[in-house]
Each structure stands twice: as C-alpha cells, then as structure tokens.
Amino acid sequence: MATINDNYLKLKAGYLFPEIGRRVAAFAKANPEAPIIKLGIGDVTEPLPEACRTAMIKAVEDMGDRNSFKGYGPEQGYPWLREKIATQDFQARGCEIDASEIFVSDGAKCDSGNILDIFGNNNTIAVTDPVYPVYVDTNVMTGHTGPASEEGKYGGLVYMPITADNHFTAQIPDQKIDLIYLCFPNNPTGAVASKAHLQAWVNYAKANGSIIFFDAAYEAFITDPELPHSIYEIEGARECAIEFRSFSKNAGFTGTRCAFTVVPKSLKAKAADGSDVELWTLWNRRQSTKFNGVSYIVQRGAEAVYSEAGQNQIKALIQFYLENAQIIREQLTTAGLTVYGGVNAPYVWVKTPNNISSWDFFDKLLHNSNVVGTPGSGFGAAGEGYFRISAFNSRENVNEAMRRITSAS
Ligand code: MLT
C-alpha cells in the first residue's frame, strides 16, 4: 500500500483560518439570523482598482486576437512587470535590485512555503512567537521539526517571543540560526521594524551565514517615512535576505493572485561538499520546473498598479483600510482595551480583557456581538491572551462591529 508523508500527522488540528471558518459556520447554522461581521482573516473587501480592471479587460482582448494571444509566459514573470517592480518598488528606494532578481508568482504564502524546496534539511530555523502560521506548518510538512508539545511548539524550531515588552520585535539570538523568518509590518501584531532593528538582523545573518526570509506583504501600509519598506534598504541585505511581496493587500489581489519573490544573485548558501551555491540559480530552476507562471491577464493587472492612476488608486485603498484600523484602535481603547499595531499595518493586536483566553474571547465576541476576529493563540503560544482584528472590511461593517463591541463591553 502507498504510504503518506507522516509529517502531516504532526500538524496541529486544522490550519487556523479554516478552523475559524468551521466555528463560524457552525454558529451561523445554529443562528441563521445572526448578522455576522468578519474581521478575522485578512482578506480584502474593496473592489479592484480601476486601472487594474481596465488593464485586465484589455489583456482579455489581447487573448482574443491571434496576433497578441499569449500561451505559456516566462516562468519568472513577464519582463515588463519585473522591470516595473525593480525600478519602482526597489531602485526608487535606493535598493540595488535588478529585474532579473524578481520572480513573479501567484502568492507570497505559496512562495514562503515553496522556498524550503531549495534549502537543506539540517538547518536551524527560527520563527517569532506569535507568527504567521504558514512558516511553521510548511516546515512541519517538510520534516524539519519534531512533534508539537502540549502548548503547540514544535521540536526543532527556535521560537523567538515577541511581546509588548520588546515592542513585538524579536531579540537577536545568541545562538547560531541558519534560516530566520521575519515579517514587517508584522502579521499578526501590526508591529514595524526600524532600520536599526533590521540592520542588527542583517549584521547577525552575515556574521553567521544565515538567510533571512523577509515577508513584506504589508509594506504598502507603512506611512512613517523613517521606516524601511524593504530589507534591501539595509546595507548588506543582498548577501543574506530573500524578500516576499504581494499585490494581495495593496491592490486587493487576494482573489486575483499575484505576488513576487526577490532572490538577489549575490545570495549564497553551502552545498553538502562545502562549496558556495547561488540561491538564485536554484530558485530559478525550482520555478521553471514546478511553476508555469502567473496568467498574462493577471500580470497586466499587476503592471497597472505601477501606472500613475494605479498608484493613486492603491494609495486611496490603503488609506481607506488604515482609517478602518484607526477607528478600531480608537473604539477599542475607549472600551478600555489595550491595543497595539494598526498604525503602519492593517492589523490591530488586542490584549484580551481580564486575561481571558484568546479562544474564549473569540467565542464571546462571536456569540455576544456576532463579530469574528482571530484568536492570538492561533499564531503561537505567546499569542495567548491576545486577539487580532483585521481592518479589511467596509467602513459600515467596521463601524457596526465597533459599536457592538463597545456597547457589549
Ligand atoms: C491573515 O489573515 O493572516 C492573512 O490573510 C493570511 C494570508 O494572507 O495568507
């Protein structure tokens, strides 16, 4: 009989968001009239920017004409999109990133899991606690961990606690770590990293031969001009960091799917024989074999993000969600709750009142206010006692959810 990848059996219950979906569906079934408002998963609600829609309609027309029809595109993405990303997202910020170092994909989530394909199985791996669960689960699936402990920590992973005391930014380890996951602006805490903090990480990584996986899916929400948007704004990062970006949250592409990963050609890691190997070559090989690129239509939509109209439209979208975050922060603070994040990020990280558990607070909010959030403990043991509220929703729903929570409290 065929056998399975037993590592999957180590995974705890369901992936966080399907588990929330299951509980909400059960509640909705029992209470069909309940007007549920979802501020749980960070899924966008506002329509795609007009510039993107127009470009995609035009691209559909291109596909209807033999002369402009496209079959398979380059696995790495079309050059016209990679050029725009390199110049506008990176070179304009002083980052030395070339278009050939951009790999267009269908999601930062997929890439942050797939990247493990090109790394060995004996690396020491560090994640923050709490953390975006995909980093942990993909390492479990790949066999990089032991089983989970009672509190849900997997053997073999190094957990770096992020708490209010360290402003939700991990302390630089005093041990040697090979692969480090960082996410700024942070999911789930909404924390941000200063240039000095990232410089400390880059210095550590260079001194230890480590690779930083830098998830910058929420960089567009940074409004503070002092904060770095990309790790490549930090000196030395080209030698130690891979960056993940996405069009999901800045341009509303969660259902359209387009993202990219930056792998500098200067990045190297060791082969078993001790030689240095260029990671770009391995990732290029991996993508060429396992991926056939993002559709032409979607890439034309993503390209339109970089037009003048596209830039104005995504700025308005981001501003809209940031105003939602501000409303959430203000209302919850008025209700007597302690909140973090939500200033340069679309997530507000809330301390649960009276130290009730994250899942108890989830149930209370669902049952009493019909509002869905995300239990902090779902992001890791150190998230216990916290709760994440997403600013991705209509203004009407955010106002109504806050009215219900504040009046119930
Ligand atoms: C979240 O809610 O954490 C995000 O939606 C997850 C994601 O983007 O995959």
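Q: Are Trp349 and Phe379 buried or exposed?
A: Buried means under 20% relative accessible area, exposed over 50% and partly exposed in between, with a 1.4 Å probe and protein chains only. Trp349 and Phe379 are both buried. This is a predicted model, in which local features need pLDDT of at least 70 and side-chain atom pairs count only at pLDDT 80 or more, while totals for chains, interfaces and linings use all residues. Residues are numbered from 1 along each chain as its sequence is written, and side-chain values use heavy atoms, leaving out hydrogens and water.

Q: How many aromatic pairs are there?
A: Rings of Phe, Tyr and Trp (its six-membered ring) pair if their centres lie within 6.5 Å; planes under 30 degrees apart are stacked, over 60 edge-to-face, and the rest tilted. The count here is 29 aromatic pairs. One of them, Trp349 with Phe379, is edge-to-face, at 6.1 Å centre to centre and 70° between the planes.

Q: Which parts does the pair of Trp349 and Phe379 tie together?
A: Helices (H or I, at least four residues) and strands (E, at least two) are DSSP runs, numbered from the N terminus. Trp349 lies in strand β12 and Phe379 in the loop between β14 and β15, so the pair ties together parts 30 residues apart in sequence. Trp349 and Phe379 also belong to one aromatic cluster with Phe17, Phe168, Tyr340 and Tyr386.

Q: Which residues of α3 are buried?
A: They are Trp80, Leu81, Arg82, Ile85, Ala86, Asp89 and Phe90.

Q: Where does Arg82 lie?
A: A charge sits over a ring if NZ of Lys or CZ of Arg is within 6 Å of the ring centre and within 35 degrees of the ring normal. Arg82 lies over the face of Phe103, at 5.8 Å from the ring centre. Likewise, Arg300 lies over the face of Trp80, at 3.6 Å.
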